[in-house]
Amino acid sequence: MENLKLAHKNAQKGKKHYKEVREMKGYEQYYLKELQDRMLNKNYKTSEYEIEMINDDGKEREIYKLPYFPDRIAQWAIMLVIEPILQKKLIYDTYSAIPDRGIHLGLDRVHKAMEDKENTKYCLKLDIKKYYPSINHDILKGIYRKIFKDKDLLWILDEIIDSTEGDENIPIGNYLSQWSGNIYLAYFDHWCKEELKCKYYYRYMDDIVIFNKSKEKLHELRRKIDKYLRENLKLSIKGNWQVFPTYVRGLDFLGYRSFNNYTLLRKSTAKTFKRKMRNLWKKDKLNDSDYSSINSYLGWIKWCNGYNLKQAYIKPLEDKIKEYERVNNIGKVC
């Protein structure tokens, strides 16, 4: 029960305005006891998904949404138990949806690798075709069985994995899916590092970067990786994979373009940033969303050589930012 209480506490962060969360207020013990009984008696069944199409940086994606109760609480309760164990199975240089790791740690690691100019002379960059929709249920369940032996835990993991129709697809939007996406490639990561001897190997979910001093070696690695993914995980590499000179064109990875001694925002991110800031110039005053957007972009810019961007697009908004901060009695962002 204590685990369910903590799961409820964590699951509602940033969602206290949700109708379902508000409806539970004052009745937490009743709802959590009901969920506990369902899970212990193996009567728990994943609710029906609400599917929404979104445009993610030019890519159409299906986002699967589940009710707060019982599903989000149930998945949080599971992850509180298994997340520390799963994290130990991952190599250090994978960064997506992992506590205390993320884009900026990954960027720092890549930049340190690029200091070894001879051995990072060329880069293999690839990603996996329709990764989440292509994850095979039986293979994923087999991977979980390598890690866990508890039959009750495996039962509920199976139930959630099989909550979508067919033999493939784990739903983008599920808390469990983030970790399933990472663990599905965990043994592949170790194979790349330990069998293929890829010293400079980095992964952000299904985006993979490998450095080497030889472009011929990277082409060979790409062929071996393609074979491994097809035969062991039923995955395929997108046709837009590339082997290129790292320092001639720069590396587009983790939202930035990294060169020899400087870093820029990814072109698409910079383009969107410029458009949004120009739109804010036309407004008489900023609202909460505008202010959050500025803060978000400042967070991106501070990790790159973004002084000129900040001067050209944020500086014209300084008076409006100061007025917003004065009215709302908050600290400065600029």
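Mentor: Sorted by class, the residues lining the second largest pocket are 11 nonpolar, 2 polar and 3 charged, where Ala, Val, Leu, Ile, Met, Phe, Trp, Tyr, Cys and Pro count as nonpolar, Asp, Glu, Lys and Arg as charged, and the others, Gly among them, as polar. This is a predicted model, in which local features need pLDDT of at least 70 and side-chain atom pairs pLDDT 80 or more, while totals for chains, interfaces and linings use all residues. Residues are numbered from 1 along each chain as its sequence is written, and side-chain values use heavy atoms, with hydrogens and water left out.

Trainee: How much space lies in the second largest pocket, and which residues are the closest to its centre?

Mentor: The second largest pocket holds about 430 Å³ of space, and of its 16 lining residues, N3, M39, L40, A77 and I78 are the closest to the centre. Two or more lining residues come from each of α1 (2–11), α3 (28–40), α4 (68–88) and α8, and at least three come from each of domain 1 (1–81) and domain 2 (90–260), bounds that an automatic or database domain assignment supplies.

Trainee: What makes the other space a cavity rather than a pocket?

Mentor: On a 1 Å grid over the protein atoms alone, a 1.4 Å probe fits in a cavity but cannot get out, whereas a pocket is an open set with protein on both sides within 12 Å along at least five of seven lines; lining residues have an atom within 4 Å of a point. The search of the whole structure finds 1 cavity of 30 Å³ or more, and the largest cavity holds about 40 Å³. Its lining consists of I160, I161, I170, P171, N174, L176, S177 and S180, with two or more residues given by each of α8 (151–161) and α9 (175–184). The largest share, 3 residues, is from α9, and by class the lining of this cavity has 5 nonpolar, 3 polar and no charged residues.

Trainee: Why is α4 called oblique to α8?

Mentor: α4 and α8 pack at an angle of about 130°, with axes 12 Å apart. α4 is therefore oblique to α8, given that angles under 35 degrees count as roughly parallel, over 145 as roughly antiparallel, 65 to 115 as roughly perpendicular and the rest as oblique. The α4 and α8 crossing is left-handed.

Trainee: Why are α1 and α3 oblique to each other?

Mentor: The axes of α1 and α3 are 10 Å apart, and the two helices pack at about 120°, so they are oblique to each other.

Definitions and conventions. Points joined across faces, edges and corners; volume = space filled by probe spheres on them. Helix = DSSP H or I, 4+ residues; strand = E, 2+ residues; numbered from the N terminus. Axes fitted to C-alpha atoms, helices over the stretch in contact; angles between N-to-C directions. Left-handed = near helix turned anticlockwise from the far one by under 90°.
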